[in-house]
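Here are my notes for a first look. Please keep the model open while you read, and start with the loop named in the opening point.

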Protein chains: 2
Amino acid sequence: MDHTATAGINIQEGRKRVVIEGVKPEIDGGRFPIKRTIDEKVVVDADVFADSHDAISCALLHRKEGISGWTEVPMEHLGNDRWRGHFKVTEIGRYLYTVRACVDRFESWRRGLAKKVDAGQDVSVDFLAGAELVEAASQRASNPDAKTLHDLADVLRSGKGSSERLHLALGKELAAIIAQYPDLRFASTYDKELAVVVDREKARFSSWYEAFPRSCASDAGHHGTFKDCETRLSYIAAMGFDVLYLPPIHPIGRTNRKGGNNTPEARADDPGSPWAIGSEEGGHKAVHPQLGTMEDFQHLVAKAQEQGIEIAMDLAFQCTPDHPYAKEHPEWFHRRPDGTVQYAENPPKKYEDIYPLNFETEQWQELWSELKSIVVFWIDHGVRIFRADNPHTKPFLFWEWLINEIKRDFPEVIFLAEAFTRPKVMYRLAKVGFTQSYTYFAWRNTKGELAQHFTELTQSEIRDFFRPNLWPNTPDILTEYLQTGGRPAFMARLVLAATLGASYGIYGPAFELLEDQSREGGSEEYLDSEKYQIKHWDIKRTETLRNFIARVNRIRRNNPALQGDWSLCFHATDNDQLICYSKHTEDLTNTIVVVVNLDPHHTHSGWMELPLLEMGLNPDQLYQVHDLLSDARFLWHGPRNFVEINPHVVPAHIFQVRRRVRTERDFDYFM
Amino acid sequence: MDHTATAGINIQEGRKRVVIEGVKPEIDGGRFPIKRTIDEKVVVDADVFADSHDAISCALLHRKEGISGWTEVPMEHLGNDRWRGHFKVTEIGRYLYTVRACVDRFESWRRGLAKKVDAGQDVSVDFLAGAELVEAASQRASNPDAKTLHDLADVLRSGKGSSERLHLALGKELAAIIAQYPDLRFASTYDKELAVVVDREKARFSSWYEAFPRSCASDAGHHGTFKDCETRLSYIAAMGFDVLYLPPIHPIGRTNRKGGNNTPEARADDPGSPWAIGSEEGGHKAVHPQLGTMEDFQHLVAKAQEQGIEIAMDLAFQCTPDHPYAKEHPEWFHRRPDGTVQYAENPPKKYEDIYPLNFETEQWQELWSELKSIVVFWIDHGVRIFRADNPHTKPFLFWEWLINEIKRDFPEVIFLAEAFTRPKVMYRLAKVGFTQSYTYFAWRNTKGELAQHFTELTQSEIRDFFRPNLWPNTPDILTEYLQTGGRPAFMARLVLAATLGASYGIYGPAFELLEDQSREGGSEEYLDSEKYQIKHWDIKRTETLRNFIARVNRIRRNNPALQGDWSLCFHATDNDQLICYSKHTEDLTNTIVVVVNLDPHHTHSGWMELPLLEMGLNPDQLYQVHDLLSDARFLWHGPRNFVEINPHVVPAHIFQVRRRVRTERDFDYFM
């Protein structure tokens, strides 16, 4: 061989005749891992083929990272040179997978033999060739198979009747033994080992409630404390939430503190924004004294856990001028030519109460380490869920490093990316490791907008790395739809968030108390926003959605169909104000059909069309739909059915579909 | 920093804030090069973005392989974080390209300054910050720019009037100088260098004619020679072909030679198949004695060149039992258990006259080297175009190695892949390096089939590596359409091949002489096929398409729109038997609209609809279409026009579109 370095060719592989390409799932050529939750399947497809007409044997290889040696799963030919295999991830952490394939000489021989026999050709030499292959497999096998194969090779070589040898050669038994010992000398292995990050179930299915601890005092005029939050836990648990996300709980700066409604000058008693982190009392590893002590916080974490609620921390990597870092690490901030530290700005907007961290500092490695130590600190204090504030204003590489570092030691940790920005930026944050991500849900109101957005998120390759978390409101976002739609709007958006998204959240008690006053015309800021002042919420008042929310969350908990996003499918309706979609479990034992009237003002009716066969329903049989919101049951027949929804009663149906309607006993009134 | 080895992160790159992803064109993650011909553009798109709100500067880097140092081209923002740049490839060989981007601090500063000024904010410190950036750029610049920038920094720092400094800061002049000296300290470069294989023009635009030299004798009953081929050259050149592809010209084996119509027993005077290569007279580096000498062959190559025709060789890597390799290199063949050499088979079919090479031999490296030496041998004898016979029966890696080896030393060489097999196999052969590829054209007959196939080939990413070469017939393929459609069918398929494909070919004289007799019902084999016997073709007979073919090839030569495939676009017609499509040059100075009646039996008429604006036509003005086949001219108005085609006259129009119809002088009859 004259040249051994031709581009792209490893000359040692000259006899590897099988090509493996087009492997899915694979994100950016394997640069990033895919995501799954525990006990989910990883279905892997690949294009696998060789030159000539030989049969091929193809295996999916997988292993938990750190474990040596692959587990093999045979892949199946789907046609058109596409192969498929799958494996289940049973532990959290990282898995690897790849594809290996080789020419299957025994199967090639077997096929040829069958065709020759059919054509009446002499196959005596073919039996001898087959015997060689079986003998070779015997060499690769261990006993007792090695012995069995050796004996069977003897039979093929023997003078026994052609029909006996043919029966042996073409039978399933011999093929099954040999398939266990493929000839891997010239096997091709896909040139990448692809990774899966396996999270716990809450990464896929979670119900978030955001609340400001300082507004949790039971009496008006008091600064709420962690103890007050404990009192609030049963209220939150009763609504069915399993994550309580607290805005930053750290000491709040005084310099340039913002007043109510974000006014530039704070009054003496203005508490400031919790996102203005750092004061003489400490920074990101301290708690705001008025909320209580670190012990109080840990007590809250423990109490919440008793109620099935996890506390999620805010990670807002920014500092006030009073933050200890500002003194101890001036090199982590950008200095202006006049000697002052650069405050945050997005011209012409100025945020003088905030010093952004300068990730281009010469001391960036120390900065990264310190920020990691903040996360570790709170993990040590019992936190396992973090919501990152504006992650798109810190470098992607920083997040990738941080999340990988943390999850290597604490694979159960969940990171939610609060990035409301351009799509490619949001997707990149998900790729670099965020477990869940906020979406554009808040601004998707029409049927077309919702269907387009959630079809993209759940039916394209994006779903392998981006897990949506749907919020109808946040302290920053009071949408026009909620401002103007009243109670029906809140109910509709709640149902949409909770059923379009296996993970969703609300900012309360503003949400359940139907708070809809914005700061000024056209703004999405709440009037008298909690970001800048303490609020007293009358959570016991009659006008509340707490029971409705509790019902919706109970439906989510009881119906596994709603605990994942991948089965989401939109269905046609003949009224643009009626959106219809379904979700189901893989085995079709649980199917939910949701219909929402998107118009908060008027009753709408129309025909909706369900793909019965795909839903596992017999189009010729009656089926029952049970509205889990109203508890009403209907007997339907055929794909087209009529619905009418008055938003002032309940703006949605959440139907559980019962596949078979066997007897009268299936109805409550007969029981 | 505790950990420096987190997966996927090069910790040295911690301050590289710009992300570059989604680069196109890129084949299989950069595993394979894209293809272009000389003087074509390479348009490169990428998603480029950073954290935060900084402006970005983005450059496309490219260079000829072997030349050190990149040439930079600024990329332009298309919106939605998508950037685009392009460069022209001006030499054959290999080019490399990649993308580099960095945060543009000066532009970020400039934008912020403008917004602050608009908002009436004090910007005195901003001027100082800008001066720092300009001074830093001065450090990166060389004189005289360094001096200029230094002086301008002084102005920004000076006490001069705000309006003067603002004029300087926001003006184009300063930005233009600074743009030349980007701050690359933290620049990100895409992690792959992508390759382009640049071929000569014939790789994109070629007209092939296949003929058996042994059938070129002017008198019946003689074995044709290379000298006879020379006599035939003017006939082929007059039809407008620029490649003459000869089936194998090597000595033909005697053992198990096939007789006429592929009968198993040859008669003494049967010449055998040219693809049964090798006899006592030699193998792949010898010529069949009855054709002439090696000198005769080289003389033919030279004579062809004088007529603007290149000789293309067949590369059929297989041997007869009489091939010298069979004796000299028995280790290159597969031996059966009975000691005989394995002949070719595709059960139950047997090809006893052929020994396939065993690419799994222990001596595969010697085998590869020898096969390469065959190609080099014929290059040394003047050949620069090779048509590989059944490349899908040899390993992909072998072809990748061979083609890369050859093109490194002889970048002008063209390889055509004769693989009629499954799509992924055909595409892989193109990816590993074949310059052109046969397609499914012969079996795509209906409007829908043709539009679907050629839209896939010319409008998807496949076009970056797969160059179609369209053949209405080959010695193996006489389609049912040609068998039954008569002269109109041949004319229609000729026009389709020659206008859908910038490269196309016919197997003649069978084609122009309308040979349509197949071996038996349902077969695509020619009756009395030239593969097994010598034919005498009466090329002077009246019933021939030679003049029609000459006209079509002249149209191809005169209209650059037909010399590439990427502009192909199908247009609606209201008659399924009428197919309509267009091609145009990038600058729209040459536009061709083709309409073909696919029914060879009946006249069809209908309305066709052209996208006038996209074709550069003013929908309000008359435009002229000139049928280059009939020489008729029509004045059309608006997108919808009526056509009627009688296949017994000419089954197609090839309209040249004249954009402006200015005066009566534009018409021949006024001249």
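1. Start at Pro348(A), which sits in the loop between strand 15 and strand 16 (349-351) of chain A. Helices (H or I, at least four residues) and strands (E, at least two) are DSSP runs, numbered from the N terminus. The peptide bond from Pro347(A) to Pro348(A) is cis, with omega near 0 degrees.

2. Some ground rules. This is a predicted model: local features need pLDDT of at least 70, side-chain atom pairs count only at pLDDT 80 or more, and totals for chains, interfaces and linings use all residues. Residues are numbered from 1 along each chain as its sequence is written, chains are lettered from A and ligands numbered from 1 in the order in which they are written, and side-chain values use heavy atoms, with hydrogens and water left out.

3. Pro25(A) belongs to the loop between strand 1 and strand 2 (34-37) of chain A. Most peptide bonds are trans.

4. How many residues meet across the interface? 73 residues of chain A are in contact (heavy atoms within 4.5 Å) with 73 residues of chain B. The buried area is about 7100 Å², and carbon and sulfur atoms give 55% of it. That area is the accessible area (1.4 Å probe) that two parts lose on being put together, summed over both.

5. The rule finds 16 salt bridges across the interface of chain A and chain B. A salt bridge is a side-chain nitrogen of Lys or Arg within 4 Å of a carboxyl oxygen of Asp or Glu. Look at Lys431(A) and Glu21(B), whose side chains meet in a salt bridge at 3.1 Å, N to O. Helix 10 of chain A gives the largest share of the side that touches chain B, seven residues.

6. Most residues other than glycine have a negative phi. Asn262(B) lies in the loop between strand 12 (243-245) and helix 7 (294-306) of chain B.
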